[in-house]
Amino acid sequence: MLLQNYSQSLLEAGTDEAGRGCIAGPVTAAAVILPQDFLNEEINDSKKITSKIRYKLREIIEEKALTYKVTHLHEDTIEELNILHASIKAMTLSVEALDPKPEFLIIDGNRFTPIPSLPHQCIVKGDMKYLSLAAASILAKTYRDDYMDMIHKEFPMYNWKKNKGYPTKEHREAIAKYGPCKYHRMSFKLLPDQLKLEL
């Protein structure tokens, strides 16, 4: 069972992101405030549970949460800001949209830009330790997967329905064959050095 709270604040939010390591699609962040008495033994880091369980838990989180918000930031913003700052911005936008407003914020990871008047704590591997961070990771992952499934229909040759934009061998072979598309992050290393794009 994960821990309920890091602070003693009644309204503690957790925020996490998904998609930082991808070469296509958005970076997606979620923020969530769970009730003080919320308990669920199945909730864990989204990478440690199956897709079927993630979607089941998403329904529970959305039903029980006091408030939650999910934000996509797309390729143009990632290129403009870089992936770290785009991830932080997506988390910040999600947190700032919460209603009621949090009194304390925990972030999965080791980097964050402070939000004025909101105390915070970064926690490395926090989505394996705290319920709100695990819940945020589940929301971010499932909403991003839904987005990748949607754009898969537009560009099925990259098989994003399966790889979700991560740099798998199959994904890179498709880029080498068909070239990149508008959803690819062009500043990222789309192909290994031995393969070159014909642009």
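Which residues are exposed on the other side of H6? I opened the notebook with this, keeping in mind that the model is predicted.

**Helix H6.** I looked up the helix that spans residues 169-178 and noted that His171, Ala174 and Ile175 are buried there. Because these three cover an arc of only 100° around the axis, I place them on the same side of H6. On the other side of H6 I found Lys169 and Lys177, which are exposed, and this answers my opening question. I then checked what the buried residues of H6 pack against, and found helix H5 (160-163). After H6 comes Gly179, for which I noted a positive phi, near 80°.

**His152.** I located His152 in helix H4, which covers residues 131-152. Setting aside neighbours within four places in sequence, I listed Asn159, Trp160 and Lys161 as the residues in contact with His152.

**Strand S1.** I went through residues 12-18 and found this strand mostly covered, with seven of its seven residues buried. I noted that Glu12, Gly14, Asp16 and Ala18 point one way from S1, while Ala13, Thr15 and Glu17 point the other way, and that all are buried.

For the pairing, I recorded that S1 runs parallel to strand S4 (residues 104-108), with four bridges between them, and that Ala13 has Leu105 as its bridge partner in S4. With strand S2 (residues 27-33), S1 pairs in the antiparallel sense through six bridges, and there I found Thr15 opposite Ala31.

Technical notes:
Residues are numbered from 1 along each chain as its sequence is written. This is a predicted model: local features need pLDDT of at least 70, side-chain atom pairs count only at pLDDT 80 or more; totals for chains, interfaces and linings use all residues. Side-chain values use heavy atoms; hydrogens and water are left out. Helices (H or I, at least four residues) and strands (E, at least two) are DSSP runs, numbered from the N terminus. Contact means heavy atoms within 4.5 Å. Buried means under 20% relative accessible area, exposed over 50%, partly exposed in between (1.4 Å probe, protein chains only). The arc is that of the directions from the helix axis to the C-beta atoms. Two strands pair if DSSP finds at least two bridges between them.
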